[in-house]
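Biologist: I want to learn how to read strands and helices in a model. Can we walk through one?

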Amino acid sequence: MATATSKSILGSIKLPKNIGRHTDILFAISAIIVIMMLIIPLPTIVLDFLLIVDIVLALLILLMVLSLKNTREFSVFPSILLIMTAFRLALNVSTTRAILTQGVNFNGKVITAFADFVVSGNVVVGVIIFTILILVQFLVITKGATRVAEVAARFSLDSMPAKMMAVESELQAGAITDSEAEQKRRDIRGESDFFGTMDGASKFVQGDVVAGIIITFINVIGGLVIGMAMRGESFDQAINAYVRFTVGDGLVTQIPSFFMSFATGLLLTRGTSEQNLSTDFKAQVFDKPKNLYLAGGFSFFLMFLPGFPKLTLLLIAAALIFAGYSKSKHNKELGITEDGKPAQEVETKPSGPLDVTPLLKVERIELSIGTMLIPLVDESQGGDLLNRVTSIRRELALDMGIVVPPIRITDNNIIEQEEYTISINGTETTKAFVRPNMLLAFNQSSDEPPTDECEKTNEPAFGLPAYWISADTKDQAESKGFMIFGPTAVIATHLTQVIRNNANVLLGREEVQSILNLLKETHPSLTSEVLSAQGTKESPLGYIQKILQNLLQEGVAIRNSIAILEAVADAITSVKSEQATELVRSRLGQQISQRLANPSKVLKVIILSQQLQNDIAANLVDSGDIQGTQVIGLSYDIMQKLIKRIKETIEIVNEQGYEPVFLVSSTIRRPLYTLIAKNIAKYSVIATVEVAQGYKVESLAVINI
């Protein structure tokens with residue numbers, strides 16, 4: 001009967017269905033209640049309810065912090081900290097008013113329970129427990145959390161500009177996409193805002209503890225004065241009432257305060273892990289069977305020392321040894337060795353003749369990685385190299401106009417464990433190494449190392465000085481202006497640069513045919529004209545391929561395929577592909593000028609004297625191939641002198657802070673580029689006809705011999 005009655009009562013209570021949509025109103029009402037608590041005396045039944053709410057809310061917040069994977073999931077914590085502090089102080093004022101006004105007649109059940117049950121009715125015990133709780137909270141947790149908040153805020157704010165620059169560098173290098181860059185910017189701003197507000201919010205915790213001590217002291221002194229002077233109570237009565245209730249009140253309010261201080265410390269000391277605290281604790285403390293065996297053996301050894309509890313130590317030792325055995329058995333089933341690495345698979349002997357046909361296939365692009373770099377590819381271990389490779393193909397398609405062939409990534413136990421190699425068409429092009437658990441710090445404008453403990457190296461893609469640093473010192477390095485890159489970003493940047501440098505080699509006739517197939521859909525007449533043209537010994541497909549390869553070799557994008565094909569149509573019946581390349585480049589003058597000019601549309605160039613250009617033009621020699629390639633045929637001494645003068649001029653221009661760009665006549669442009677690329681390095685060489693309208697030319701140096 002009673003059960004049915006209670007169900008009917010509960011069923012008659014109708015809460016608004018949309019109550020969750022009006023949290024702003026609920027917060028406003030809560031704020032008003034907190035303010036009124038400071039002014040209006042509350043009945044003890046209301047105080048009991050609010051004290052329990054305070055404890056439960058603080059516990060919920062602590063549990064939330066324990067389950068967090070990163071601080072960004074609880075960005076509202078600083079505001080909650082302020083709200084809970086104000087709520088608790090208002091409760092302190094209300095309970096103080098009730099204790100002092102009611103005296104020995106105070107009947108608050110929660111405070112009385114803590115005063116009688118928790119401290120067993122002994123005032124001295126209660127005072128000692130309260131004092132210890134205050135000291136632990138103030139001297140250990142609160143003081144440490146405040147210091148961590150100050151340091152975290154300073155490093156976060158100081159490193160924010162460098163982090164933003166690093167994101168822009170990764171975006172420009174093609175290591176990340178636009179959406180990934182925007183998300184990283186939001187994360188950086190959110191992290192700086194969070195630690196900045198936590199620096200101030202941690203002072204609330206510190207002030208809350210101090211206020212609790214002061215309020216407790218005032219309660220005791222005020223209670224004794226009011227009880228004995230105004231109510232005529234004896235000293236024993238006053239001590240028994242006011243001190244007992246005050247200690248109970250202090251314990252009730254300091255326990256949720258302790259929860260909040262503990263939550264603050266946990267939140268500020270969270271590292272860069274993407275797992276919650278319990279998962280990290282289990283994985284990092286109880287994940288090594290050998291350590292569990294050693295701890296169990298040590299506990300077993302303590303049994304034989306005089307005075308130690310033998311049964312307790314035996315149970316602990318048995319539990320640790322059993323846990324170590326279970327973990328070791330589990331690792332063995334998964335094929336994991338003691339150092340956490342996958343065991344090598346046992347090779348089985350083939351039962352029949354070995355099929356070597358698959359070995360004949362040559363991968364267009366292959367990235368081989370050492371065994372310690374495998375986690376960088378494995379998404380289950382947090383590796384993002386596969387995603388970055390996808391971004392590389394997208395970025396090169398947009399920038400260079402080429403479809404990069406699928407990139408094969410393989411592990412290789414022959415090379416060093418932290419080494420990787422990049423092969424093009426089956427030939428190893430380059431190799432380098434990365435530290436999988438470290439970060440690469442780079443700052444071209446400073447010779448100062450980023451940290452005291454760092455490893456000097458060279459950035460693989462461009463050979464610039466850099467340093468390997470531990471992840472713990474990232475903030476310190478960024479505060480010194482260093483750009484920080486993860487190991488996958490380093491590999492992706494290097495791979496992008498290698499593909500750019502070998503784009504002409506990767507462009508085969510199948511890729512050219514794919515481009516023509518796309519153009520057939522929109523420009524069928526133009527495509528048909530080019531493919532049916534005759535006049536040179538080169539096939540139309542090979543003719544187009546050679547021109548596109550020449551453009552890519554010099555870093556000219558081939559996205560404007562329509563303009564390129566129209567120029568090819570004008571030249572294919574009259575000149576060979578090498579000479580046709582110059583006609584195509586003149587049609588792409590706007591694109592070439594824009595790529596090499598500064599924002600003011602000024603081309604800073606190195607020019608050759610007219611006499612030197614005439615001498616080179618008079619000594620051009622056909623190489624004899626069907627493409628019509630020409631080379632410079634000057635005498636050996638003059639060639640060496642010319643190369644020396646070009647090297648000296650390049651050094652002068654580099655010292656001035658400019659990228660060397662040579663401007664010559666179209667007749668000698670391609671042969672001069674070939675000479676410089678083979679004997680010095682790849683530098684841009686443009687013809688005068690390639691300077692687009694609206695661009696100005698300024699000479700940095702003149703070469704003459």
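Biologist: Which residue of β3 is the bridge partner of I365?

Modeller: Strands (E) are DSSP runs of at least two residues, helices (H or I) of at least four, numbered from the N terminus. Two strands pair if DSSP finds at least two bridges between them. Here, I365 has I424 in β3 as its bridge partner. β1 (residues 365-369) and β3 (residues 419-424) run antiparallel, joined by five bridges. This is a predicted model: local features need pLDDT of at least 70, side-chain atom pairs count only at pLDDT 80 or more, and totals for chains, interfaces and linings use all residues. Residues are numbered from 1 along each chain as its sequence is written, and side-chain values use heavy atoms, leaving out hydrogens and water.

Biologist: What is the strand order in the open sheet?

Modeller: The order is β2-β1-β3-β4, with mixed pairing. β2 (407-411) and β4 (427-433) are the edges; each has a single partner strand, so one side of each lacks a neighbour in the sheet.

Biologist: Which strands does helix α14 touch?

Modeller: Contact means heavy atoms within 4.5 Å. Angles run from 0 to 180 degrees between N-to-C directions, with axes fitted to C-alpha atoms, for helices over the stretch in contact. Helix α14 (residues 487-501) packs on the sheet and touches β1, β2, β3 and β4. The direction of α14 makes about 20° with that of β3. Helix α12 (residues 385-400) lies across β1 and β2, at about 155° to β2.

Biologist: What does I499 touch?

Modeller: Leaving aside residues up to four places away in sequence, I499 touches I365, I392, L396, V404, I407 and L506.
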